[in-house]
Amino acid sequence: MTGETIGLFGGTGSTGNYFLRLALEAGFKVQACVRNPDKIDKEIQDKYKDKDKDQLVIVQGTFTEKQDIAKTIQGATYVVCMAGAPMGKPKEYPKDIMLTFFTTLTQVIQENNTSSTSSTSSSTSSTPPKVVLYQAGAFSPTPDRPLTMIHSVFKAVGQWVMGLGPNVDDNTQVIAYIHQNINTLGFNTIVSRPGMLNDKPGGNVQLKADHFSPTNFAITFSDLAIWSLKAIQDSSLYGTFPFVVPIDQDILPRKKEPAASNKEEDVGETK
Ligand SMILES: NC(=O)c1ccc[n+]([C@@H]2O[C@H](COP(=O)([O-])OP(=O)(O)OC[C@H]3O[C@@H](n4cnc5c(N)ncnc54)[C@H](OP(=O)(O)O)[C@@H]3O)[C@@H](O)[C@H]2O)c1
């Protein structure tokens, strides 16, 4: 094992189930908050949820409960959120669920941090995580950089035809909260913003962070999971809100970023 722990929300979801497997295969201990443990493959549970090893710890619960969040991130080196309310059912969307989750998560980390730095506490298990990765989507802008015209049109179609409105708006609120409080949160964040996702076999397309443009091509849940596991270990991404795109997107013509340096190679700063 790596000796590092990941607190994971959404480990039974479309991206999260790939991430869970990858993280365990890579030797991380994973504490996964899941409502229904039966949704995790039996093969994974048999291999990693061993009485002696406990490389996989299932916290049966919901991310709407502060105590379940606290258990999931206890002692975690990294926290990853690939959770979300179901898409395409706007009338059933639990209002502000992700914003409430993220602000509660922030509260838990800050309270843990305060108690670990107090003179009466000798515990080291409450050190804040190195980073919290929150998976949002490409239709959610940051406050300082609105969507391009074409992506605003795609977003409108997504909202009205596919019923994605509340999911996108909730993720946008989370992004705004992180953006506004980035210097006072007390922990690092990465907000990933993938575009269209599909469940085709992955593993062949390498992805990268793009701080300027989303992709017009669908990427796979499994490739996104691979990228996300690398991203949490890459401190150069901490504090950023990247779109996640195929590496070969560079072959497409790129719009020059007005605020970037004059050097041609700096345009479209990517990693
Ligand atoms: N899917 C896409 O095409 C797409 C594209 C771009 C961005 N995104 C964004 O990526 C993120 C993850 O999406 P996804 O499609 O990978 O996930 P998903 O398949 O929608 O799965 C959602 C996950 O969240 C869990 N969850 C929901 N409510 C919960 C609660 N109260 N407590 C604990 N767990 C809860 C679900 O658990 P259960 O298994 O128990 O339901 C499931 O594991 C979202 O922010 C989404 O907007 C998705």
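This is a predicted model: local features need pLDDT of at least 70, side-chain atom pairs count only at pLDDT 80 or more; totals for chains, interfaces and linings use all residues.

Reader: Which residues come nearest to the ligand?

Author: Gly13, Thr15, Ala83, Gly84 and Gly137, out of 24 residues around the ligand. By class, that shell has 14 polar, eight nonpolar and two charged residues. Watch the classes: Ala, Val, Leu, Ile, Met, Phe, Trp, Tyr, Cys and Pro are nonpolar, Asp, Glu, Lys and Arg are charged, and the others, Gly among them, are polar.

Reader: How many helices and strands are there in the protein?

Author: Seven helices and ten strands.

Reader: What makes E3 and E8 edge strands?

Author: Take the order first: eight strands form an open sheet, E3-E2-E1-E4-E5-E6-E10-E8, with mixed pairing. Strands E3 (56-60) and E8 (207-210) each have a single partner strand, so one side of each lacks a neighbour in the sheet. On average, neighbouring strands in this sheet are turned by 25 degrees against each other, direction ignored. For angles, axes are lines fitted to C-alpha atoms, for helices over the stretch in contact, and values run from 0 to 180 degrees between N-to-C directions.

Reader: How do you know that E1 pairs with E4?

Author: Pairing takes at least two bridges found by DSSP between two strands. E1 (residues 5-9) has four to E4 (residues 78-81), and the two run parallel, so by the cut-off they pair. E1 also pairs with E2 in the parallel sense, over five bridges. Gly7 shows both links: in E4 its bridge partner is Val79, and in E2 it stands opposite Gln31.

Reader: What makes Gly7 count as buried?

Author: The cut-off is 20 or more other C-beta atoms within 10 Å of its own; 12 or fewer is exposed, in between is partly exposed, and C-beta atoms are placed from the backbone. Gly7 has 27 such neighbours, so it counts as buried. Leaving aside neighbours within four places in sequence, Gly7 is in contact with Gln31, Thr72, Ile73, Ala76 and Val79 (contact means C-beta atoms, placed from the backbone, within 7 Å). The C-alpha of Ala32, 25 residues away in sequence, is 6.0 Å from that of Gly7.

Reader: Why is E1 called largely enclosed?

Author: Five of its five residues are buried, so the rest of the structure largely encloses E1. Thr5, Gly7 and Phe9 cover one side, Ile6 and Leu8 the other. In a regular strand, side chains alternate between the two faces of the sheet.

Reader: And why is H1 called largely enclosed?

Author: Eight of the ten residues of H1 (residues 16-25) are buried, hence the label. Among them are Tyr18, Phe19, Leu20 and Arg21. These buried residues of H1 pack against E1, strand E2 (29-34), helix H2 (42-48), E3, E4 and helix H7 (221-232).

Reader: How do you know that the buried residues of H3 line one face?

Author: The buried ones in H3 (residues 66-73) are Ile69, Thr72 and Ile73. Down the axis of H3 they fall within an arc of 85 degrees, so they line one face; the arc is that of the directions from the helix axis to the C-beta atoms.

Reader: What makes Asp96 and Gln173 partly exposed?

Author: Asp96 has 15 C-beta neighbours inside 10 Å, so it is partly exposed, and Gln173 gets that label with 17. Asp96 sits in the loop between E4 and helix H4 (97-117), with a positive phi near 60 degrees although it isn't glycine. Gln173 belongs to helix H6 (residues 165-181) and touches Asp96 and Leu99, not counting residues up to four places away in sequence.

Reader: What share of the protein counts as buried?

Author: 37% of the 271 residues.

Key
Residues are numbered from 1 along each chain as its sequence is written. A residue is near a molecule or strand if its C-beta atom, placed from the backbone, lies within 6 Å of it. Two residues are in contact if their C-beta atoms, placed from the backbone, lie within 7 Å.
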